[in-house]
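The paragraphs below go through a structure element by element. Please keep the sequence and the 3D view open while reading.

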Amino acid sequence: MQIGLLQQLETALAQSQVPYCCYTDVVADPPEAIVEAALAQALQAKVDGIIGFGGGSSMDTAKLVALLACSGEPLQQIYGVDQAQGQRLPLILIPTTAGTGSEVTAVAIVTTGATTKAGVVASQLLPDVAVLDAELTLGLPAHVTAATGIDAMVHAIEAYTSAHRKNPYSDMLAREALCLLAANIRTATHEGHQLQARQAMLFGACLAGQAFANAPVAAVHALAYPLGSHYHIVHGLSNSLVLPHVLRFNSRVAAPLYAELAELIVPQSKVGNDPERASEALIHYLETLIADLRLPATLREMNIEESDLPNLARDAMLQQRLLVNNPREVLEQDALAIYQAAY
Ligand SMILES: NC(=O)c1ccc[n+]([C@@H]2O[C@H](COP(=O)([O-])OP(=O)(O)OC[C@H]3O[C@@H](n4cnc5c(N)ncnc54)[C@H](O)[C@@H]3O)[C@@H](O)[C@H]2O)c1
Ligand SMILES: [Fe+2]
């Protein structure tokens with residue numbers, strides 16, 4: 001709204017004589033109150049369709065409003081998997097970040113309390129139409145491009161090693177997504193005006209979204225959520241902070257799969273034939289990438305108290321919806337050790 005991105009859409013709606021109203025108060029990691037306020041506006045205006053325009057926060061809010069405005073269910077009743085019963089209004093999603101892939105997932109994430117987030121997973125949350133227009137992402141600041149791009153890469157990596165529902169289709173999507181994202185994230189971040197790199201990132205994030213819509217994400221996301229909810233660290237950066245450390249923990253079990261991903265994006269000379277070595281090469285590649293993108297790499301830099309790590313580990317355990325998908329079982333003491341490694 002502030003940088004004028006909505007203008008083209010508003011002009012198009014006006015020219016097509018489609019009456020509309022805008023809800024523009026969505027904040028990053030939207031709390032329940034924002035969803036309720038957007039819903040109230042939609043009901044009052046008696047809208048007959050929803051367009052979600054923005055990053056994952058805006059699209060997730062729009063998805064929920066489209067559902068709740070039609071089905072009348074209370075938001076609190078539909079958290080979890082397949083709890084929503086009703087139908088939704090027609091829904092178009094237009095991402096302006098290349099990250100969450102929310103435009104192609106059946107997921108919406110809401111901040112439910114001071115330190116908690118919850119997800120609604122329901123097939124009704126898939127839109128009728130998703131529009132990918134990379135020009136909308138040209139003005140995305142470097143740090144947002146980097147963080148949201150890492151989020152998309154994590155979607156591809158976690159889908160590829162998901163303990164549940166990993167399949168040849170999700171593998172194909174994850175592999176293609178990771179290749180596109182890895183090849184373009186540096187250019188998109190450091191030379192944000194490059195449209196081709198922006199297009200590759202937007203398409204890569206969309207494919208990664210489809211990958212994890214089929215084979216769900218796991219411990220990187222589970223350990224990222226408490227960072228977001230306790231410290232208001234944005235979603236992509238939360239993921240980035242724990243990514244190498246979760247992968248190193250998983251490597252004992254997942255090394256052969258990480259080795260397959262390494263072959264796609266790490267120079268052959270560093271991969272070799274040994275899966276453990278190749279897995280470490282992938283992790284090292286990601287650590288170097290995070291540094292190149294100038295994202296903070298430690299929890300210490302984020303002013304997190306070391307004494308708070310056990311609280312984070314305890315809260316990560318609440319994300320069983322995600323942890324069950326991890327290739328290696330994560331116990332509370334493991335989560336704590338991962339946070340300590342990330343410190
Ligand atoms: N539904 C899903 O499948 C799914 C998956 C992963 C994450 N999420 C959720 O999505 C949210 C994160 O979404 P996100 O990473 O896209 O960030 P975001 O939507 O929170 O946006 C981040 C910031 O970038 C700004 N912004 C967005 N587009 C811009 C543009 N083109 N130019 C300039 N600024 C722009 C926003 O105003 C905001 O300040 C979290 O709530 C997370 O939990 C959802
Ligand atoms: Fe994510």
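In α10, the buried residues are Ala 278, Ser 279, Glu 280, Ala 281, Leu 282, Ile 283, Leu 286, Leu 289 and Ile 290. Buried here requires 20 or more other C-beta atoms within 10 Å of the residue's own; 12 or fewer makes a residue exposed, anything in between partly exposed, and C-beta atoms are placed from the backbone. Helices (H or I, at least four residues) and strands (E, at least two) are DSSP runs, numbered from the N terminus.

This is a predicted model, in which local features need pLDDT of at least 70 and side-chain atom pairs count only at pLDDT 80 or more, while totals for chains, interfaces and linings use all residues. Residues are numbered from 1 along each chain as its sequence is written, and chains are lettered from A and ligands numbered from 1 in the order in which they are written.

The buried residues of α10 pack against α4 (142-160), α8 (235-265) and α9 (268-271); contact means C-beta atoms, placed from the backbone, within 7 Å. After α10 comes Arg 294, with a positive phi near 60°.

Now the strands. Strand β1 (residues 50-54) has five of its five residues buried, so it is largely enclosed by the rest of the structure. Five bridges connect β1 with β3 (residues 91-95), and the two run parallel. Within this pair, Gly 52 has Leu 93 of β3 as its bridge partner. Strands count as paired if DSSP finds at least two bridges between them.

A separate description applies to an open, mixed sheet of three strands, ordered β2-β5-β4. Its edges are β2 (80-81) and β4 (107-111), each with a single partner strand, so one side of each lacks a neighbour in the sheet. Strands β2 and β5 (residues 117-121) run parallel and are joined by two bridges; Gly 80 is bridged to Val 120 in β5.

What surrounds ligand 1? The shell has 29 residues, the closest being Ala 28, Gly 55, Gly 56, Ser 57 and Ser 102. A residue is near the ligand if its C-beta atom, placed from the backbone, lies within 6 Å of it. Elements giving two or more residues are α3 (56-71), β4, α4 and α8, and α3 gives the most, four. Domain 1 (7-131) and domain 2 (140-342) both contribute to the shell, so ligand 1 lies between them; the domain bounds come from an automatic or database assignment.

Terms used: Contact = placed C-beta atoms within 7 Å.
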